[in-house]
Amino acid sequence: MIPLAGLRSRKVVPQRSAGELDAMAAAGAVVAAALRAVREAAVPGVSTLDLDEIAESVIRDASAIPSFLGYHGYPASICASVNDRVVHGIPAADEVLAAGDLVSIDCGAILDGWHGDAAITFGVGPLDAGDDALSAATRESLEAGIAAMVPGNRLTDVSHAIETATHEAETRYRRSFGIVEGYGGHGIGRRMHMDPFLPNQGTPGRGPLLAAGSVLAIEPMLTLGTGKTDVLDDQWTVATADGSRAAHWEHTVAVTDDGPRILTSG
């Protein structure tokens with residue numbers, strides 16, 4: 001899940017000790033396991049509510065708590081956003097997956113008071129070329145943001161890396177991608193959403209410093225059309241304004257002296 005822009009900025013992105021990073025990685029492993037289970041179950045005829053129940057079962061079987069369930073009244077354990085839905089899609093029994101659907105699943109878990117947060121995008125069966133390129137470009141943008149998580153960089157160096165990778169993907173895949181406006185990554189720790197807000201585009205060299213132990217949830221969201229979105233009548237689901245397909249990839253990542261550490265890799 002993603003907070004809107006406007007969170008306060010600090011001089012250094014909050015740092016965690018080695019032990020705290022290990023604890024966050026344990027929470028992240030639960031998230032990774034839930035996402036794997038959901039992806040394996042996502043076949044034609046399965047509902048997004050079925051996927052939510054699978055994710056919640058994996059999380060609770062690991063003695064963890066779903067981060068999303070009840071968060072500001074959110075009614076589910078995952079966000080399931082299909083096709084033109086970007087983020088915060090509420091799972092439903094009557095939303096049944098079909099071959100060719102593009103599905104983004106966002107999931108969070110709390111273990112021993114620490115949060116993990118990650119998202120994946122995948123197809124229900126084979127995807128067409130455009131959707132496949134969209135998901136690949138979004139994942140590549142995430143990987144570029146992760147690579148920028150090194151001591152001495154600033155917050156918007158991560159933002160700029162994501163934006164630059166998006167433009168490079170446009171050249172490689174010979175199509176345009178919209179960067180979703182107003183949504184992005186965030187600090188994370190004993191709360192799911194913490195300062196600072198992390199935009200998915202921007203001028204480098206600005207914002208708080210990254211230091212060993214700093215942790216961010218990095219989550220680019222791209223579309224095959226506009227970056228503009230609408231919030232649907234359920235007051236949660238964010239959809240592209242032009243009906244174009246959207247993709248969302250996310251990892252919780254720590255800065256270390258040995259390079260970026262992905263805490264949600266499982």
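**Ground rules.** I number residues from 1 along each chain as its sequence is written, and side-chain values use heavy atoms, with hydrogens and water left out. As the model is predicted, local features need pLDDT of at least 70 and side-chain atom pairs count only at pLDDT 80 or more, while totals for chains, interfaces and linings use all residues.

I looked up UniProt, where an unreviewed entry lists "domain: Peptidase M24" for residues 23-257 (positions are in the numbering used here, feature names are shortened, and annotations may be inferred rather than shown by experiment). Over that range I get 30% helix and 26% strand, with the end C-alpha atoms 18 Å apart. Helices (H or I, at least four residues) and strands (E, at least two) are DSSP runs, numbered from the N terminus.

**H1 on H2.** Helix H1 (residues 18-41) packs against helix H2 (residues 48-61) at about 150°, axes 9 Å apart. Axes are lines fitted to C-alpha atoms, for helices over the stretch in contact, and angles run from 0 to 180 degrees between N-to-C directions. The crossing is right-handed (near helix turned clockwise from the far one by less than a right angle). Contact means heavy atoms within 4.5 Å; on the H1 side I find Val30, Ala33, Ala34, Ala37, Val38 and Ala41, meeting Leu51, Ile54, Ala55, Val58 and Ile59 in H2. That contact has 11 nonpolar residues, no polar and no charged. Ala, Val, Leu, Ile, Met, Phe, Trp, Tyr, Cys and Pro count as nonpolar, Asp, Glu, Lys and Arg as charged, and the others, Gly among them, as polar.

**H3 on H4.** Helices H3 (residues 129-147) and H4 (residues 155-173) pack at about 145°, with axes 8 Å apart, and their crossing is right-handed too. I count 10 nonpolar, 3 polar and 2 charged residues in this contact.

**Largest pocket.** I get about 250 Å³ here. A pocket is an open set of points on a 1 Å grid over the protein atoms alone, where a 1.4 Å probe fits, with protein on both sides within 12 Å along at least five of seven lines; lining residues have an atom within 4 Å of a point. Grid points are joined across faces, edges and corners, and the volume is the space filled by probe spheres set on them. Of 14 lining residues, Ala32, Leu35, Arg36, Ile120 and His251 are closest to the centre. H1 gives the largest share, 5 residues. The lining has 6 nonpolar, 3 polar and 5 charged residues.

The unreviewed UniProt entry lists Asp106, Asp117 and Glu250. They span 145 residues of sequence yet cluster in space, the largest C-alpha distance being 7.9 Å. Glu250 is in the pocket lining, and Asp117 sits in strand E5.
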